Amino acid sequence: MHRLPLLLLLAALLTACGNTTATERPAADQDRPPNIIFIMSDDHAYQAISAYDDRLIETPNIDRLADEGMLFSNACVTNSICAPSRAVILTGKHSHLNGKIDNRMPFDTTQTTFPQLFQQGGYRTAMFGKLHFGNNPKGVDDFMILPGQGNYINPDFITPRGDTTIEGYATEIITDVTLDWLKENGQGQEPFMMMYLHKAPHRPWWPTPERFAEYYEKTFPEPPTLFDDYSGRGTAAHTAEMNLLDHMQYGHDSKVYPEVQAAMGDELKPNMEQYDNGFYGPYNRATPEQQAAYKPTLDKIATDFEANWPTMTDEEKMRWKYQRYMQDYLACISLVDDNVGRLLDYLDESGLAENTIVVYTSDQGFYLGEHGWFDKRFIYDESFKTPLLVRWPGVVEPGSSSSEMVQNLDFAQTFLAAAGLPQPDDMQGESLMPLLTGDTSSWTRNGVYYHYYEYPAVHMVKRHYGIVTEDYKLVHFYDDVDEWELYDRKADPRELQSVYDDPEYAEVVDRLKSELTDMRAYYKDSEKLDRHYMQFRGE
Ligand code: SGN
Ligand code: CA
């Protein structure tokens, strides 16, 4: 017997009980709920997807999702850091309620995550790649996840059948396993919900040897704010430790052999302790054959560094580091794009594409030299925003776009609504179905809430929360400072000058402060919770 009618009946009954809300499913095929493939990369900046911006790289495969679906130009996260973003996605709740406020806090596995609801709702479910926390994700019939951050080269994996190490490159292995699972389970009686989660392009950026060699030869345009001096902003931007010149490591990041750095004298004594894996952590995972394939490019980097570094000005060092950064980061992305292409090709060949929703996103945005930075964490646009592309044949209009402010908080409810499954009332997002189906009249959101906590910690970005509307961004840095910033998003899109103290904006500040207070109450965040979470400090 087909299981679904019964399950849909059950869903309807649950709704009738009043503790959940269900949406009518507008699937292209009313007889069979859609499959869902949720593709998420780690730290993939929208500036590095050509459907958003083609200055840096062409990503033809990811762009297919924009050509054949909807591109969200104002998608953002609630807390721009890895594990918290994933916890928000899984629970549909802000960090202060799901408890995973930063990368260090444990995730409370007793709470409901959306894959569990899919499993209960009759879907087959699976998760492959980087989750970042735990070793036994709930609600998935099968999984193979990286422990913690995982590794690019010959990665270890946790599976329900025990731990394993697979020789090869993470992006390719995660795709192989995903394709194998789809071949075995994709055409079954039940629909599926699959999470295909890349480690790439997370730091330290190690591409395959071939792509490393290819991208080393490329030169990339610099962002206009590469030499930002942070005037116009408060203490937090000045004290953050994510500046390319000051905080990017020659060995760990730019892949100069530590011995070569050491030979340059004291100033460059490689700091192997600061980052637990240094240069040799990833490199020594490679087999002798793999190392031999990386070596010609590593040698070129060393030769260039030895010849030029001693006479470089700070400005030249900044530019050199930016190029090395982009070469490796974008090479990692080109591999993600190729592998997304393999998946999309398989969906076409197998006929699965037709009734499968494909979502591409990242756990947050990333700085690609804007403000002189790498990393994320801040509410400023490059890390606050995140890519979001959704293809759903027959439902989402090909080549469409939405500039509404949507968040990772909305994903769980969107997927549940798309599947015709009930949405728990305590989830805090909103289903994106009205936007996906073009019925925008019922979409009323005009601002979003943000709260970042991981401080003090690597990169030293101070705690802050804020409200972001189409026109403004009001931010409160608290904890060891008490500073407010206001950005006029239309007049100052690069966010270089806070106008918080400008008398012309006094009314805007008053209005937004009051909206922020209402928003904190609506989402159940509070000073009491801020104080509670301020106990959790230090690494
Ligand atoms: C590591 C990185 C940091 C990064 C955090 C969090 N250093 O500590 O640069 O901010 O992860 O990233 S590295 O040793 O890996 O290079 S997150 O995506 O997991 O939040
Ligand atoms: Ca991340």
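**Metal site and surroundings**

Q: What coordinates the calcium ion (ligand 2)?
A: The calcium ion (ligand 2) is coordinated by Asp 42 (OD), Asp 43 (OD), Asp 363 (OD), Asp 363 (OD) and Gln 364 (OE1), at 2.1 to 2.8 Å. Donors are N, O and S atoms within 2.8 Å of the metal, or 3.2 Å for Na, K and Ca; water is not among the atoms, so sites may look incomplete.

Q: What are the ground rules for the numbers?
A: This is a predicted model, in which local features need pLDDT of at least 70 and side-chain atom pairs count only at pLDDT 80 or more, while totals for chains, interfaces and linings use all residues. Residues are numbered from 1 along each chain as its sequence is written, chains are lettered from A and ligands numbered from 1 in the order in which they are written, and side-chain values use heavy atoms, with hydrogens and water left out.

Q: Back to the calcium ion (ligand 2): how are the donor residues spaced in sequence?
A: The spacing is D-D-x319-D-Q.

Q: Why is the arrangement around the calcium ion (ligand 2) irregular?
A: The six donor atoms subtend angles of 50 to 172 degrees, which makes the arrangement irregular. Six donors count as octahedral if opposite donors are over 155 degrees apart and all others between 65 and 115; four count as square planar on those limits, or as tetrahedral if all angles lie between 85 and 135 degrees, and anything else is irregular.

Q: Asp 363 and Gln 364, buried or exposed?
A: Asp 363 counts as buried at 0% relative accessibility, and Gln 364 is buried with a relative accessible area of 0%. Buried means under 20% relative accessible area, exposed over 50%, and partly exposed in between (1.4 Å probe, protein chains only).

Q: New topic. Where is Lys 255?
A: Lys 255 sits in the loop between helix H9 (244–247) and helix H10 (258–262). Helices (H or I, at least four residues) and strands (E, at least two) are DSSP runs, numbered from the N terminus. Lys 255 is buried, with a relative accessible area of 0%.

Q: What does the side chain of Lys 255 make a polar contact with?
A: Its partner is the side chain of Asp 328, at 2.8 Å.

Q: Which other residues is Lys 255 in contact with?
A: Beyond its neighbours within four places in sequence, they include Trp 205, Trp 206, Phe 212 and Tyr 250. Contact means heavy atoms within 4.5 Å.

Q: Which peptide bonds are cis?
A: Among them are Ala 200 to Pro 201, with omega near -5 degrees, and Arg 203 to Pro 204, with omega near -10 degrees. Pro 201 lies in the loop between strand S9 (192–197) and helix H7 (209–216), and Pro 204 is also in the loop between S9 and H7.

Q: And Lys 524, what is its phi?
A: Phi of Lys 524 is near 65 degrees, a positive value in a residue other than glycine. Lys 524 is exposed, with a relative accessible area of 56%.

Key
A polar contact is a pair of N or O atoms within 3.5 Å; within protein, one must be able to donate a hydrogen and the other to accept it, and residues adjacent in sequence count only if both atoms are side-chain atoms.
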